[in-house]
Amino acid sequence: MVLTDGVVRLRAWEPEDAPAVWAACQDALIIRFLPVPQPYTETVARKYVAARALDWASEDERSFAITDAAIGEVLGSIARHRRAEHRAEFGYWLAPNARGRGVATRALRLLVDWSLETSSLIRLELYTHPENDASGRVAERAGFSREGVRRAWDLDRNGNPEDDVFYVLVRGDPRPTI
Ligand SMILES: CC(C)(COP(=O)(O)OP(=O)(O)OC[C@H]1O[C@@H](n2cnc3c(N)ncnc32)[C@H](O)[C@@H]1OP(=O)(O)O)[C@@H](O)C(=O)NCCC(=O)NCCS
């Protein structure tokens, strides 16, 4: 499955993507805001790419490499995880050099549009660390609304409870025009 708006292209992960995943996941922001393994070795990256490719065998997981539609460079990752019959959760990251130009917003819009068109999902949700303003802005630009804070929703790497901010889009909600 390929989704594109002419600027970004979402496609299934391929084994050759592992070095780009490894390089991106050395980034301090990804390590801070996502529960990626530490240290993030090349073996971890190869396993990630292989596991994400297998997601397509399940109805519940849809994972894509975010790539540059013009030159094919891997820019990041986006996924949809089904959590219930009507509910799915979204997650994403970008390589540091792909940030600040709307790539994540484009990728999330593409995946949300496709999800609404091709599934019966009703509630689309994502959550972020309370200090992850960039991710919250991506969610709002893609049509999600801030729902509230769930206290102690996650544990950090040291096992300490961490609050998370939830963003939600319910089927039928007005969507911002691009
Ligand atoms: C979260 C993350 C993906 C956001 O990346 P980002 O580059 O800010 O998001 P986008 O690609 O949508 O780019 C938006 C930025 O580009 C700017 N921009 C430039 N051209 C744009 C365009 N055509 N459309 C939209 N935004 C544009 C926006 O103004 C915005 O900057 P601002 O938020 O300072 O206003 C990134 O910070 C990241 O990978 N973080 C680490 C992992 C992480 O936290 N993941 C999310 C966990 S919940």
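Strand 4 (74–84) and strand 5 (87–94) run antiparallel and are joined by 8 bridges. Strands here are DSSP runs of E with at least two residues, helices are runs of H or I with at least four, and both are numbered from the N terminus. Two strands count as paired if DSSP finds at least two bridges between them. Strand 4 and strand 5 form a hairpin, with 2 residues between them. One of the bridges sets Arg80 against its partner in strand 5, Phe90.

The model is predicted, so local features need pLDDT of at least 70 and side-chain atom pairs pLDDT 80 or more, while totals for chains, interfaces and linings use all residues. Residues are numbered from 1 along each chain as its sequence is written, and side-chain values use heavy atoms, with hydrogens and water left out.

Strand 5 has a further partner in strand 6 (residues 123–128), and these two pair in the parallel sense over 3 bridges. In this pairing, Ala88 stands opposite Leu124 of strand 6. Together with helix 4 (residues 103–118), strand 5 and strand 6 make a right-handed β-α-β unit. Right-handed means that, with the strands pointing away from the viewer, the path from the first strand over the helix to the second runs clockwise. Strand 5 is mostly covered, with 6 of its 8 residues buried. Buried means under 20% relative accessible area, exposed over 50%, and partly exposed in between (1.4 Å probe, protein chains only).

The buried residues in helix 3 are Ala45, Tyr48 and Val49. Seen down the helix axis, the buried residues of helix 3 fall within an arc of 95°, so they line one face of the helix. That arc is taken from the directions from the helix axis to the C-beta atoms. The face turned away from the buried side carries the exposed residues Lys47 and Leu54.

The whole protein chain has 5 helices and 8 strands. From the N terminus on, its elements run β-β-α-α-α-β-β-β-α-β-α-β-β. Its radius of gyration is 16 Å, close to the 16 Å that the globule rule gives for 178 residues, so the chain is as compact as a globular protein of that length. The radius is taken over C-alpha atoms, and the rule is 2.2 Å times the number of residues to the power 0.38. Buried residues make up 44% of the 178 residues.

Key
Contact = heavy atoms within 4.5 Å.
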